Amino acid sequence: MNLQALGEAVDIVAGQHIEANLYNSEFNGSAYLTGPADFGEIRPLVTKWTIAPKVFAKTTDVLVTVKGAGVGKSNLGCDAAIGRQLMALRPKQGRILQSYLFNFIRHTEQRIAGLADEATVPGIGKADLANLQIPLPPLDEQKRIAAILDKADQLRQKRRQAIALLDSLRQSIFLEMFGDPVSNPMGLPAKPLGSIVSKVGSGATPKGGDASYKPFGIPLIRSMNVRDGAFKTDGLAFIDDNQAKKLNNVIVEDGDVLLNITGASIARVCRAPKLKVAARVNQHVAIIRPKAALDSYYLEALLLAPSFKRKLLLIGEGGATRQAITKSQIEDLIVPAPAIETQMEFRNKIENIECQMRFSKIQSSSLDMAFSSLQHRAFSGQL
C-alpha cells in the first residue's frame, strides 16, 4: 500500500496557551479547548470560552493531544481556540478526507503516545506528527474505508450506551424504592451505620511500600481498585504470607463494602470482589461489614446516591492534613434502614441488571476486538 508522510496530506496547527484569567465558563468570548479533558466520544464538549483567543481549530480538522498524560487521544474538530495540549490536523483539499484521517489517527493512538519524550510532562512536536507514515489511497477508496469503520464504530457506541443506561437504572431503582437517603422523604427508620455493621476497619501498606509487593500471592486492595459501583483488578498488588499476617484484622469477606477514605479518590465505593484468595486492604480503603439486617447491595447503592456522596465528600474535606474520613465518622453516619425483605427485593432487581450488564460487556469486548481487527485490515490494504 502506498505510504506517505502525514505532513504531505495535512497542515498541522499547534495550539497556544491562554492564561487562566483570560478564559471563563460563562459563554463570554470564543469557545476554548484546553486539552483531552474537553473531548467527547467523537467531538469536543465546550465548557470554556476565552476573550483572548490565539489559535483556532476548525470543524473540518482532526484534533490530537500532543502534551500530557493523554498524548495520542483524538476528536473530530471544532470551531474553537485550542490550547498548547492540542494540535489540529487540517486536511489538504483533494489529498485526504477528514473521516479517513480521524480513523487513521485513532488507529495510531498508541504509536503516537509512544513518540512522547521522557520529560516530566510527555509531549510530541509537529515533526513527530508530520513524519507519521499513512496509507493514502484515492479519495473514493478513503470514503469507502471510512464508511465501513464508522458503521462498525457506531455499533460499539450503541453497546456502550446500553451499558451506561443499565448502570444508571441501578440508582433510579434505589431512589424509586427508598427515596433520597439524606432527606429520607419516605420516613424510613434511620440508624447510625455503626449499629447495623459488625466491622469498620482499614489496613496498612507493608513496610517498603511499592517495592515490597510481590508478582503473585495474597491480594492487597488499594484505592485505585475501588471505583464507584465496580471493583477494578488493574493495579491489584500482592503480598506474601508474612506481610498478610500483619493485616489479618482486615481480611475482606464476601458481603463487605469497600470505601476509599483518603486522597483524591475519597468516597468511592463498591462491593467487595469475589477473589480466589482472601484479600487485605491498605490504609486508604475501609471495610464496612453489614450485619444481618443490612444488605451489601443496598448499602453500596446508598453510599453511591448523589446526596450521600456529597455528604461523604464534605466530611472528607474536614481532614486534618488531607481529605480523610475516619472510622468514627463512618460509624456515626445516619442511614435509612428499611426492612431486610425490602432490601433483598432491591438486591434481586440489581442482580438481574448486573447479569444483563455482564452480557453486554462481553458483547462490547467482542465488538472492540472486531473493530481493532477491522482497523488493522483497513490501514494495511486488506479491507
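**View 1. Serine 380, in the segment after H9.** Serine 380 is placed in the segment that follows H9; helices (H or I, at least four residues) and strands (E, at least two) are DSSP runs, numbered from the N terminus. This is a predicted model, in which local features need pLDDT of at least 70 and side-chain atom pairs count only at pLDDT 80 or more, while totals for chains, interfaces and linings use all residues. Residues are numbered from 1 along each chain as its sequence is written, and side-chain values use heavy atoms, with hydrogens and water left out. With a relative accessible area of 30%, serine 380 is partly exposed; buried means under 20% relative accessible area, exposed over 50%, and partly exposed in between (1.4 Å probe, protein chains only). A polar atom of the serine 380 side chain lies 2.6 Å from the backbone oxygen of histidine 376. Alanine 190 is 190 residues away from serine 380 in sequence and 63 Å away in space, C-alpha to C-alpha.

**View 2. The whole protein, for orientation.** Here is the setting for the other panels. The protein has nine helices and 22 strands, and its C-alpha trace spans about 70 × 50 × 45 Å along the principal axes. Of the 383 residues, 46% are buried.

**View 3. The largest pocket and its lining.** About 910 Å³ of space lies in the largest pocket. Of the 31 residues lining this pocket, Gly229, Ala230, Phe231, Arg271 and Glu354 are the closest to its centre. On a 1 Å grid over the protein atoms alone, a pocket is an open set of points with protein on both sides within 12 Å along at least five of seven lines, and lining residues have an atom within 4 Å of a point. Grid points are joined across faces, edges and corners, and a volume is the space filled by probe spheres (1.4 Å) set on the points. Helix H4 (139-178), strand E16 (230-231), strand E19 (269-271), helix H6 (296-304) and helix H9 (340-378) each supply at least two lining residues, and H9 gives the most, with six. By class, the lining has 10 nonpolar, four polar and 17 charged residues. Here Ala, Val, Leu, Ile, Met, Phe, Trp, Tyr, Cys and Pro count as nonpolar, Asp, Glu, Lys and Arg as charged, and the others, Gly among them, as polar.

**View 4. The second largest pocket.** This pocket holds about 470 Å³ of space. Among its 15 lining residues, those closest to the centre are Glu41, Arg106, Glu109, Arg156 and Arg160. Strand E8 (74-76), H4 and H9 are the elements that give two or more residues to the lining. The lining divides into three nonpolar, four polar and eight charged residues.

View 5. Strand E2 (residues 10-14) pairs with E10 in the antiparallel sense over five bridges; two strands pair if DSSP finds at least two bridges between them. In this pairing, aspartate 11 stands opposite arginine 90. Strand E7 (residues 62-65) also runs antiparallel to E10, joined by four bridges, and threonine 65 stands opposite leucine 86.

**View 6. An open sheet of four strands.** The strand order is E13-E21-E18-E19, with antiparallel pairing. Strand E13 (197-202) and E19 stand at the edges with a single partner strand each, so one side of each is left without a neighbour in the sheet. The twist averages 20° from one strand to the next, taken between axes that are lines fitted to C-alpha atoms, with angles running from 0 to 180 degrees between N-to-C directions. Strand E18 (residues 257-260) and strand E21 (residues 285-290) pair over four bridges, and leucine 259 stands opposite alanine 286.

**View 7. Leucine 303 in helix H6.** Leucine 303 lies in helix H6 and counts as buried, at 1% relative accessibility. Valine 269 is 34 residues from leucine 303 in sequence, yet the two are 7.0 Å apart in space, C-alpha to C-alpha.

Technical notes
A polar contact is a pair of N or O atoms within 3.5 Å; within protein, one must be able to donate a hydrogen and the other to accept it, and residues adjacent in sequence count only if both atoms are side-chain atoms.
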